[in-house]
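Hi,

Here is the structure I promised to pass on. Have a look at it first, and then read on for what turned up.

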Amino acid sequence: MATSPILRAMPKTLTRPRKRAKETSLTLFPTAARHGTCEPSYDASAPPPVPDGRTKPSTQLVGIARLAASSPRADAKRGTEYFLLPVRSILNDCNSERVPFRFTVNPYRGCEFGCHYCYARYTHEFMEVPGDEFESKIYVKQNAGPLVDRDLNTQPVWGEHIAIGAATDPYQPAEREFGATRAILEKMAEREGLSLSITTKSNQVVRDIDLLKRIGERSSLTINMSITTVRAPLARTLEPRAPRPDLRLGAVRELRDAGIAAGVLAMPIVPGITDAAEDLDALAKAARDVGAQWFAGNVLYLRSTALKHFMDFVGGQFPKLARQYEDWYVRGGSAPETYRKEISALVEGLREKYGLGARPQNPSAKSWKSPQLQLSLTDGDHDAPNENRRAPYW
């Protein structure tokens with residue numbers, strides 16, 4: 001069983017040479033938040049201009065939008081509708097220098113956690129569904145297990161990394177009822193030499209510890225737990241339906257006790273809200289205390305639908321910060337470089353203080369084989385942002 005994300009290096013002849021973009025942030029996936037979901041848009045290469053597919057005749061829709069319009073509704077609960085989405089594949093080929101991995105897997109389109117800062121809202125617009133329905137209309141990819149089984153047989157996954165949960169959470173509430181993520185992992189467990197990572201905000205990942213251990217015995221596997229703050233009230237404000245921070249930290253402890261490589265991602269670090277030095281220190285310390293092997297963070301990035309949604313959220317919840325966000329994000333989509341460098345230095349200092357790694361080293365897969373060949377935290381006491389604690393900006 002693998003207890004570390006690092007495997008023996010592969011011979012260079014087994015890996016496909018690719019140019020890598022220079023990493024300029026602390027994030028595990030440095031620029032994934034910019035264009036990096038790699039969800040197939042079929043006939044679109046960028047978010048379309050916010051048309052609403054519900055008002056168009058189905059004959060005028062194409063690609064993923066037409067598939068979404070024809071998806072039958074499977075269930076409705078908790079104010080959320082679930083649809084069964086017929087898809088062509090599960091393994092998405094990024095083939096982009098913007099992200100440090102070749103393939104992504106997102107078992108669901110949309111995410112019920114409803115994080116107000118989520119950059120992936122624009123992916124609903126590929127289906128001509130408004131981005132503000134990202135958390136209320138969840139599309140479950142049909143036949144996930146058989147499709148990923150086929151994809152792994154036909155795609156050049158040898159020596160390439162597969163990021164599970166790059167756009168939507170693979171362990172969101174829909175997973176309890178539809179099980180698309182587990183169906184995918186069961187097929188991956190039949191293979192050797194895969195290079196996999198799972199990124200989630202959910203403690204539900206511990207349900208699959210037995211399966212993750214089986215995968216870790218034959219492939220490289222790392223689990224990234226995304227936690228923005230240890231203050232539960234603030235987390236509930238930012239991430240309305242995600243599990244509490246203490247539950248996520250508890251899941252890291254269970255994963256580590258099971259010998260599974262796991263770390264904490266403070267992503268995104270939200271300016272004026274989760275960026276205070278004492279808050280990030282508390283998060284890094286909590287990560288160390290539960291046995292996390294790495295701690296990484298990057299600053300909030302906002303574009304298109306995510307920008308509009310978050311600006312409305314800030315205006316309603318943190319109105320004192322609205323003007324600064326307008327100055328920083330409306331034109332360029334990111335915080336100033338000086339601020340980002342300050343946060344990078346802060347995170348680096350916390351890693352050194354608590355003995356945490358920056359990220360798992362790029363895992364190299366072993367020889368890939370087809371199965372045909374072998375068949376206690378204390379909750380914070382308020383939701384207040386940190387505008388009074390970061391005077392140079394707020």
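Thr200 stands opposite Met225 in strand 9, and one place to start is that pairing. Keep in mind as you click around that this is a predicted model. Strand 8 (195–200) runs parallel to strand 9 (residues 220–226), and six bridges pair them.

Why can we call strand 9 largely enclosed by the rest of the structure? Seven of its seven residues are buried, so the rest of the structure largely encloses it. You can see this on both faces: Ser220, Thr222, Asn224 and Ser226 are buried on one side, and Leu221, Ile223 and Met225 are buried on the other. On to the next neighbour: strand 9 is joined to strand 10 (residues 261–269) by five bridges, and the two run parallel. Here Thr222 stands opposite Ala261 in strand 10.

Now go back to strand 8 and look at its pairing with strand 7 (residues 161–164). These two are parallel as well, with four bridges between them, and His161 stands opposite Ser195 in strand 8. Are the faces of strand 7 covered or open? Both are covered. His161 and Ala163 are buried on one side, while Ile162 and Ile164 are buried on the other. Strand 7 also pairs in the parallel sense with strand 4 (residues 103–105), over three bridges. In that pairing, Thr104 stands opposite Ala163.

Seven strands make it up, in the order 3-4-7-8-9-10-11, and it is an open sheet with mixed pairing. Strand 3 (91–93) and strand 11 (295–299) are the edge strands, each pairing on one side only. On average, neighbouring strands of this sheet are turned by 25 degrees against each other, direction ignored.

Which residues of helix 5 are buried? They are Ala180, Thr181, Ile184, Leu185 and Met188. If you look down the axis of helix 5, these buried residues fall within an arc of 130 degrees, so they line one face of the helix.

Is Arg191 buried or exposed? It is buried: its relative accessible area is 0%, and anything under 20% counts as buried. What does its side chain make a polar contact with? The side chain of Asn153 is the partner, at 2.6 Å.

Finally, the big picture. The protein has twelve helices and eleven strands. It has 394 residues, and 57% of them count as buried. It exposes about 16600 Å², with carbon and sulfur atoms supplying 49% of that.

Cheers

Technical notes
Residues are numbered from 1 along each chain as its sequence is written. This is a predicted model: local features need pLDDT of at least 70, side-chain atom pairs count only at pLDDT 80 or more; totals for chains, interfaces and linings use all residues. Side-chain values use heavy atoms; hydrogens and water are left out. Buried means under 20% relative accessible area, exposed over 50%, partly exposed in between (1.4 Å probe, protein chains only). A polar contact is a pair of N or O atoms within 3.5 Å; within protein, one must be able to donate a hydrogen and the other to accept it, and residues adjacent in sequence count only if both atoms are side-chain atoms. The arc is that of the directions from the helix axis to the C-beta atoms. Two strands pair if DSSP finds at least two bridges between them. Axes are lines fitted to C-alpha atoms, for helices over the stretch in contact, and angles run from 0 to 180 degrees between N-to-C directions. Accessible areas come from the Shrake-Rupley method with a 1.4 Å probe; for residues, only the protein chains shown count as cover.
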